[in-house]
Amino acid sequence: MATPRSEPGRRSSGPKRRSSEPGPAGTETTPRSAEAKPRSEPKQERARRTKVHILQSAAELFAERGYATVTLQDVAERAEMTKGAVYFHYTNKEALAVAVVQEHYARWPGILQGAEGTHEGPFDTLTAVLDTVTRAFARDIVVQAGARLQIERALIDAELPEPYVGWEDYLTRLITEARDAGQLRAGVEPRAAARVLVSAFFGMQHISDVLSRRRDLDERYEELRTVLLEGLRG
């Protein structure tokens, strides 16, 4: 889990005639050299795609090996680029780590927007959100890398966004809505419940990563959902 912060020619009317094919009598065919050539990809778009590719490659390595042992050369090899090309876009490993963490945060609004959707009640929304977050941790390499980099933030000589607090605020809102709808167990304080959920979820996904590379994440989440989340339901 990571802090959610607000933030993706005209068609031809018929087949074209090759320049070597004769045209109807009295007409001229267009020489191949004069045919319109497709426009090359704009330089700015190429640079954007290259940065995305480098970031994705770095995320894979950070998720697999952690921050300390990854080098820019490793990233270049994973991206199948020269080290100079990587350096042109990211001047050092710290800049790459910050970019991965920032992208990690930038993905959550889109992920969560679909999760909230339309549900029978606020508690069902809370459950759907945590279901969706679990799937993101299981499948999204940038989400995984951002989480690991936050745990290893003491090793990174750069300022990273503050983790966890945004999740506490977000879940507090959802739990408060459940309480107001009479769907929260009596005596449960929403802020306290949100802190417990954040701690339990982060601990769950981290332990799953360390012990099984998240292969047992679904099983661990079902346990959390049964024991903790359903325990909050009124």
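**Helix 7 and its neighbours**

Student: Which helices do the buried residues of helix 7 pack against?

Tutor: This is a predicted model, in which local features need pLDDT of at least 70, side-chain atom pairs count only at pLDDT 80 or more, and totals for chains, interfaces and linings use all residues. Residues are numbered from 1 along each chain as its sequence is written, and side-chain values use heavy atoms, with hydrogens and water left out. Helices are DSSP runs of H or I with at least four residues, numbered from the N terminus, buried means under 20% relative accessible area with a 1.4 Å probe, protein chains only, and contact means heavy atoms within 4.5 Å. The buried residues of helix 7, among them Trp167 and Tyr170, pack against helix 4, helix 5 (122–139) and helix 8 (190–212).

Student: How are helix 4 and helix 7 oriented, roughly parallel or roughly antiparallel?

Tutor: Axes are lines fitted to C-alpha atoms over the stretch in contact, with angles from 0 to 180 degrees between N-to-C directions, and those of helix 4 (residues 93–116) and helix 7 (residues 165–180) lie 14 Å apart at an angle of about 15°. Angles under 35 degrees count as roughly parallel and those over 145 as roughly antiparallel, and therefore helix 4 is, relative to helix 7, roughly parallel.

Student: Is Glu152 buried or exposed?

Tutor: Glu152 is found in the loop between helix 6 (141–151) and helix 7, and, leaving aside neighbours within four places in sequence, Glu152 is in contact with Gly66 and Tyr67. Because its relative accessibility is 15%, Glu152 counts as buried.

Note on methods: Helices (H or I, at least four residues) and strands (E, at least two) are DSSP runs, numbered from the N terminus. Angles under 35 degrees count as roughly parallel, over 145 as roughly antiparallel, 65 to 115 as roughly perpendicular and the rest as oblique. Buried means under 20% relative accessible area, exposed over 50%, partly exposed in between (1.4 Å probe, protein chains only).
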